[in-house]
Amino acid sequence: MQTRRRFLAASAGTVFLSGLTDIFAAENKSPWKLGICDWDLRAMGRMNSFDVAKELGFDGVQVSYQPSGPDSLAVKDNRPKFLDEAKKTGVGIASLAMGLLNGQPLATTPDAEGWVADCIDAMVEMNVEQVLLAFFAKGDMNEKKEDQPLVVEKLKRLAEVAEEKKKILSLESYLSAEDSLRIVDAVGSDAVKIYYDVRNSRNKGYDIFTEMKMLAQRKMISQIHLKEDGKRLGTGDIDFVKVRKTLEEIDYRGWLVVEGGVSGDWKESQTANAVFVRKTFGM
């Protein structure tokens with residue numbers, strides 16, 4: 001495994017930009033681009049997600065890696081097709097995501113480690129910088145603390161591959177920032193970062209603004225989910241103006257990815273979410 005210093009030097013400047021620095025053209029004054037999860041487009045792991053995202057006013061899609069299915073990224077021939085769709089629509093790939101790990105946890109599912117390794121290959125071929133690894137439901141490390149050593153063991157092996165390929169494994173969970181850092185430190189690789197979801201953390205009672213600053217001090221925030229449960233963005237108790245100020249303070253640059261935020265018609269909700277984020281974050 002590379003040393004932390006060597007990996008950091010090799011990948012300097014890439015973490016917060018998610019490998020897509022070209023999107024921050026001179027005419028775009030915002031340090032952020034607006035993405036949305038493909039499952040919130042009713043197109044999980046599907047190539048038509050780019051068309052829907054464009055229709056609703058988003059700049060990019062968080063694309064799900066699925067080990068099977070007609071559009072599966074496990075099928076190598078599908079990978080350039082996703083890139084073609086992104087280019088055709090002008091909608092980027094914010095990141096990949098492995099939400100399937102919620103139901104088939106990395107800790108206990110025999111095939112899961114292989115899926116993540118294959119997803120790293122897909123990231124290389126598609127020039128995508130990072131993948132969200134989900135740890136909820138059956139894979140919840142907060143509830144199942146006994147799974148944490150197994151997760152660390154597998155992440156150590158996967159991080160070695162990710163370091164070599166200069167890719168990021170981004171962990172999203174119900175763990176506090178402090179506990180998340182313990183996991184990262186146990187793995188011991190700069191290829192492992194934290195995917196920060198403001199709603200998940202608020203639901204657990206964490207101070208999201210303190211947590212973001214804590215993680216940013218270690219340069220650990222790889223990407224951000226903007227979310228409200230069962231409400232459109234801006235109608236719940238998340239202070240998104242303060243979120244913006246905090247992101248400016250910690251100098252986060254990259255994708256802001258909308259998740260959830262639906263009340264009533266889903267398309268109308270997501271269009272309203274896009275408008276809200278652009279206005280609130282000055283995009």
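A polar contact is a pair of N or O atoms within 3.5 Å; within protein, one must be able to donate a hydrogen and the other to accept it, and residues adjacent in sequence count only if both atoms are side-chain atoms. The model is predicted, with local features requiring pLDDT of at least 70 and side-chain atom pairs pLDDT 80 or more, whereas totals for chains, interfaces and linings use all residues. Residues are numbered from 1 along each chain as its sequence is written, and side-chain values use heavy atoms, leaving out hydrogens and water.

**View A. Polar contacts of Gln-62.** Gln-62 belongs to strand 2 (strands are DSSP runs of E, at least two residues; helices are runs of H or I, at least four; both are numbered from the N terminus). Its side chain forms polar contacts with the side chains of Ser-95, at 2.9 Å, and His-225, at 3.0 Å. Gln-62 counts as buried because its relative accessibility is 0% (buried means under 20% relative accessible area, with a 1.4 Å probe and protein chains only).

View B. Eight strands, paired in parallel, close into a barrel in the order 1-2-3-4-5-6-7-8 (pairing requires at least two DSSP bridges between two strands). From one strand to the next, the twist averages 30 degrees (axes are lines fitted to C-alpha atoms, for helices over the stretch in contact; angles run from 0 to 180 degrees between N-to-C directions). Helix 2 (residues 49–56) lies across strand 1 (32–37), strand 2 (60–64) and strand 3 (92–98), at about 150 degrees to strand 2.

**View C. Strands 5 and 6.** Strand 5 (residues 168–173) and strand 6 (residues 192–197) run parallel and are joined by three bridges. Leu-169 stands opposite Val-192 of strand 6. Helix 6 (residues 177–187) packs on the sheet and touches strand 5 and strand 6, its direction making about 165 degrees with that of strand 6 (contact means heavy atoms within 4.5 Å).

Technical notes:
Buried means under 20% relative accessible area, exposed over 50%, partly exposed in between (1.4 Å probe, protein chains only).
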